[in-house]
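Reader: I have a model open on my screen and would like to learn how to read it. Could you walk me through it?

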Amino acid sequence: MTFEEIQQRLAAKFGERIGALAPANKDPFLVVPAADIVEICRFAKEDEALAFDCLMNLSSVDWPKKNQIEVVYHLWSYRRRHSFILKVQLDRAKPEIASIESIWKSANWLEREQYDLMGVTFTGHPDLRRIMMPDDWVGNPLRKDYAEQPQWHNITTTRDNSLEGYVRLDELTKKAAEAAAAAKKELPQ
Amino acid sequence: MQGFIDNLIRGWGYDPASWPWTQFVYVAFMGLFSFIVINFAAISGGIFSWAERRIAARMQSRVGPNRVGPAGFLQWIADAVKLLFKEDLIPAEADNVLFRAAPYFMMVGFACVFVALPFSHRLIIADMNIGIFYILAVTALIVVGIIMSGWSSNSKWSLFGAIRSAAQIISYEIPAGMALMIPVLLAGTMSTQGIIRAQGPWPWQWFIFDDPAATAAFFIFFISALAEGNRTPFDLPEAESELVSGYNTEYSGMRFSYFFLVEWGNLWVMSALAVTMFMGGWQVPFLPAERLDALTGWAAFFAEVASVLIFALKTLFFVFVVMWLRWTLPRIRVDQMMNMCWKYLVPASFVSVLFVAGWMLVVRSAPAVGIAMRFLLAGAATVAVVLFVQRVAHNLRDTGDKFDFTSNW
Amino acid sequence: MSKPLEVPTMDMENKEVLRRIEIGGDMLLNMGPQHPSTHGVINFLVQTDGEVMKRAIPEVGYLHRSLEKIGERCTYNGYMPYTDRVDYIAAMFANQGWAMAVERLLGMQVPRRAEFCRVIACELNRISSHLISVGTMAMDIGAVTPFPYALREREFINDLLEELCGARLTYNYLRIGGVAFDLPSGYEDKVSAFLDHFEKILDEFNRLITYNEIFIKRLAHLAPIPAQMAIDYCLVGPNLRASGVNFDVRKALPYSVYPDFQFDVPLGKGEVGTVGDAWDRFWCRVEEMRQSCRILRQALAQLPQDTAIMGKVPRKIKIPEGTEAYSRIESARGDMQYYVVAGPGENAHRVKIRTGSFTAMGIIDALSRGLMIADLVALIASLDVVAPEIDR
């Protein structure tokens with residue numbers, strides 16, 4: 001099935017809540033309301049024509065200018081050999097969405113990764129804790145306004161800039177030559 | 001040995017029974033022979049470590065140690081010196097006394113076996129008439145050392161290795177012991193020299209070809225000896241990929257090297273036992289034991305040398321086979337190892353003992369059957385060896401490889 | 001939000017949870033992060049009752065190098081060496097995934113000869129990656145000899161790829177729009193000679209270890225993954241095919257010039273155990289090496305003689321903000337996917353790399369109940385997880 005056909009099938013089932021397919025800016029996608037994600041995903045998996053048995057990828061994109069965090073779901077069907085892209089737009093101040101771990105088990109680790117790195121909370125996830133960063137890390141590294149804390153357990157996160165005070169050799173000789181010329185000019189003649 | 005020392009004392013002009021210094025001379029010689037035995041055990045352990053590294057390397061298309069000495073022969077000395085210089089680390093929470101004592105238990109258990117091994121028809125430190133019994137008893141000390149080292153390290157991974165090893169060694173004592181009873185049955189004595197004398201110099205006179213149950217017993221003993229020595233496919237206690245290093249994880253320096261000394265020296269012990277019990281020991285072809293005893297002068301000397309060489313060659317062959325197995329086979333799992341021991345080897349060894357006992361009765365009444373069986377089994381073994389060599393050559397040709405002993409030394 | 005599972009955490013202050021587990025009589029072991037056989041820096045918290053495990057919880061993140069964040073800071077061209085490090089054992093594939101995603105963003109075509117160069121480099125890399133995988137798996141089971149044999153063959157491939165692009169591990173060979181260097185002269189003969197030699201070595205490898213009794217006893221019936229479970233947990237690559245699912249991105253969603261080649265896709269058949277057990281995963285990788293040899297021979301035979309190895313790429317790649325593209329390639333470890341969203345300047349706004357090892361780690365907890373510790377080692381090895389792919 002093509003992207004359009006899939007969108008039509010979803011619209012047929014969910015009516016008003018499914019908007020139009022975003023135009024293909026290389027890849028078309030469908031934005032769905034965050035509150036309906038579990039229902040839509042369950043239908044996508046269990047419907048015979050759609051049969052999306054695999055959640056290929058779950059990423060989140062930070063759009064500070066639009067004050068949104070987008071969670072992108074890439075679905076794939078092994079039986080029908082078609083894919084689809086669902087997007088959910090969350091408020092950047094409090095990005096929360098229901099977990100779809102109960103539908104596809106691969107969401108378990110994928111959602112944990114976005115919780116850790118972007119700070120999206122997935123309600124209903126059985127084991128939501130950090131995965132890449134240490135458990136007591138502060139902050140979400142993939143956010144655009146992320147500022148690293150200066151130390152973690154007394155280990156500093158910055159190093160001295162080894163280029164500070166660094167002058168290239170040819171500049172150094174040039175400076176020395178200029179200084180010599182200036183000194184010669186100042187010599188009382 | 002006592003006879004030898006008594007003769008020496010008489011040679012000095014004293015009567016051993018009444019001379020006041022007899023006991024002192026006994027103790028002095030015991031010390032001397034122990035010193036020789038421990039040195040032999042340790043040096044053979046070291047040389048086998050070099051041999052194993054070279055053999056393993058050639059099997060893996062590598063070269064192995066080749067820098068320290070000719071063909072890397074002094075590598076083991078360099079390693080020993082390095083380990084001596086290392087800091088003697090003992091984990092803070094380890095049990096001090098047990099941690100330090102554990103390697104010595106293993107060394108004692110291992111070195112004591114050499115006392116009863118017959119190197120040639122006159123060279124044996126103590127020809128006890130309970131030789132095999134003594135060997136089986138003394139090798140059990142190794143388990144004590146292993147458990148002590150694993151427990152006292154205060155590390156979960158070491159404990160794992162120690163418990164696995166204890167289970168393994170204790171379980172495999174049984175088939176090993178039962179399989180060793182078969183040469184005892186066939187020879188009628190537990191003395192190691194006696195068992196060798198009961199065999200003959202030619203392959204069809206060895207105990208391994210006496211009857212099918214004896215052949216089975218040889219393989220049961222060999223497998224059990226591998227398990228007792230913690231060699232692959234039974235090296236679970238030291239499984240590097242699972243337990244880092246098992247029971248010797250926390251050891252460093254010379255203490256660490258004792259464990260490996262025992263492992264490599266054990267190669268000699270298990271091979272020597274296999275050769276003594278089943279393969280005729282030091283028996284020289286063309287020279288049955290009675291004629292050997294009767295020789296004097298230079299002939300006796302050359303016969304001694306020949307018998308030592310033959311024993312050494314047979315033992316070294318099995319050492320090579322054990323090394324070969326280590327670098328070819330994967331490791332079996334703990335429960336599979338226990339299954340194999342209790343469900344397969346123990347019943348098989350019991351059945352073999354019964355079969356051999358029955359067979360001895362048959363042979364007593366019809367000796368020709370015994371001789372026919374020996375020739376049959378020896379012939380079958382020869383055929384098997386020839387087929388094996390042919391298969392290996394075929395495989396080598398298949399991959400476009402060649403046998404190359406000349407390069408990369 | 002439901003209470004998260006009570007799992008021991010890395011926070012060493014939380015001794016309460018640890019104590020509760022120990023009092024129950026079970027042992028709590030740390031397998032890793034430095035361990036001879038966890039295929040990189042991964043930690044496993046193992047709760048065991050003696051040898052039998054109750055749970056094995058993977059802890060990852062020791063090799064997290066924030067490659068995705070770096071992607072937001074690098075130019076599209078400049079990010080190529082970073083993709084090598086996503087999976088340094090099969091670096092060509094990571095390169096290709098990135099190149100394909102950006103080429104899709106640009107909407108450009110790659111010249112035919114460049115595609116053939118890419119296929120040749122990638123299939124050689126697939127063989128070398130699988131060699132490491134099967135070699136280390138055999139070593140984890142205890143057979144040390146197949147590992148140097150595999151490495152010996154890999155040395156030939158390393159030499160070939162070094163001649164091609166100058167590097168032996170992190171190649172940085174592909175470029176947006178083509179490849180960096182053309183095949184050197186005489187390269188086809190060298191690769192053919194290697195393939196003639198290698199196919200016989202594969203047979204020797206099978207004789208040595210694949211059909212060895214003890215090896216089969218260790219791996220047959222070990223952690224069989226039913227096809228539905230594999231799909232649900234999103235396993236990919238040889239792991240998925242060993243469970244019987246006939247899906248290979250090269251055949252199902254052909255890219256590059258793969259439609260021109262004929263090759264089989266080995267599927268697990270439960271030859272010595274259950275379908276989808278650890279032995280099937282091992283065997284799938286060995287057979288895939290054979291198929292890669294087939295592809296290489298065909299690629300060398302059909303190599304086009306024109307000389308263009310780079311398409312028309314602008315000097316500074318600028319793509320309108322918000323354009324997004326998705327690329328899927330069949331890496332050595334499975335279906336590697338790049339999700340790239342273009343940013344306002346010369347950088348991407350977001351790069352997400354979905355690797356096979358990451359989702360494979362998610363299944364270990366579910367599979368490890370009731371296994372023994374030795375089996376855990378075999379399971380991790382059979383899933384062919386590498387730490388750089390998991391953590392990025």
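Reader: Leaving aside its neighbours within four places in sequence, which residues is A:K87 in contact with?

Author: Happy to start there, with the reminder that this is a predicted model. Apart from those close neighbours in sequence, A:K87 contacts A:F29, A:L30, A:V31, A:E70 and A:V72. The residue itself sits in strand β4 of chain A, residues 83-91.

Reader: Is A:K87 buried or exposed, or something in between?

Author: The idea is to count C-beta neighbours: 20 or more within 10 Å means buried, 12 or fewer means exposed. A:K87 has 15 inside 10 Å, so it counts as partly exposed. As for A:E39, 48 residues away along the chain, its C-alpha atom is 14 Å from that of A:K87.

Reader: Let's turn to sheets. How do strands pair in general?

Author: Strands of a sheet pair through backbone hydrogen bonds, either parallel or antiparallel. In chain C, three strands form an open sheet in the order β6-β7-β8, with antiparallel pairing. Its edge strands are β6 (324-331) and β8 of chain C, each pairing on one side only. On average, neighbouring strands of the sheet are turned by 15° against each other, direction ignored. Helix α4 of chain C, residues 91-106, packs on this sheet and touches β6 and β7 of chain C. The direction of α4 makes about 150° with that of β6(C).

Reader: How do I judge whether chain C as a whole is compact?

Author: Chain C has 15 helices and eight strands. Its radius of gyration is 22 Å, close to the 21 Å that the globule rule gives for 392 residues, so chain C is as compact as a globular protein of that length. Along the principal axes, its C-alpha atoms fill a box of roughly 70 × 55 × 35 Å. Of its residues, 54% count as buried. Among contacts between residues at least 6 apart in sequence, 70% join residues at least 24 apart.

Reader: Which chains touch, and what does chain C bring to its side facing chain B?

Author: Two pairs of chains touch, and the most contacts are between chains A and C. Chain A and chain B do not touch; their nearest C-alpha atoms are 24 Å apart. Between C and B, 32 residues of chain C are in contact with 26 residues of chain B. Elements giving two or more residues to that side of chain C include β1 (27-31), α5 (112-141) and α7 (187-210). The largest share, six residues, comes from α7(C). By type, the residues on this side divide into 17 nonpolar, six polar and nine charged.

Reader: One last feature: how do I check the length of helix α15 of chain B?

Author: Work from 1.5 Å a residue: the 32 residues of α15(B), 367-398, should span 46 Å, and the end C-alpha atoms are 47 Å apart, which agrees. The number of buried residues among those 32 is two, so α15(B) lies largely in the open. Just after the helix, B:G400 takes a positive phi of about 70°.

Terms used. Residues are numbered from 1 along each chain as its sequence is written. Chains are lettered from A and ligands numbered from 1 in the order in which they are written. This is a predicted model: local features need pLDDT of at least 70, side-chain atom pairs count only at pLDDT 80 or more; totals for chains, interfaces and linings use all residues. Helices (H or I, at least four residues) and strands (E, at least two) are DSSP runs, numbered from the N terminus. The expected span of a helix is 1.5 Å times one less than its number of residues. The radius of gyration is taken over C-alpha atoms; the globule rule is 2.2 Å times the number of residues to the power 0.38. Two residues are in contact if their C-beta atoms, placed from the backbone, lie within 7 Å. Ala, Val, Leu, Ile, Met, Phe, Trp, Tyr, Cys and Pro count as nonpolar, Asp, Glu, Lys and Arg as charged, and the others, Gly among them, as polar. Two strands pair if DSSP finds at least two bridges between them. Axes are lines fitted to C-alpha atoms, for helices over the stretch in contact, and angles run from 0 to 180 degrees between N-to-C directions.
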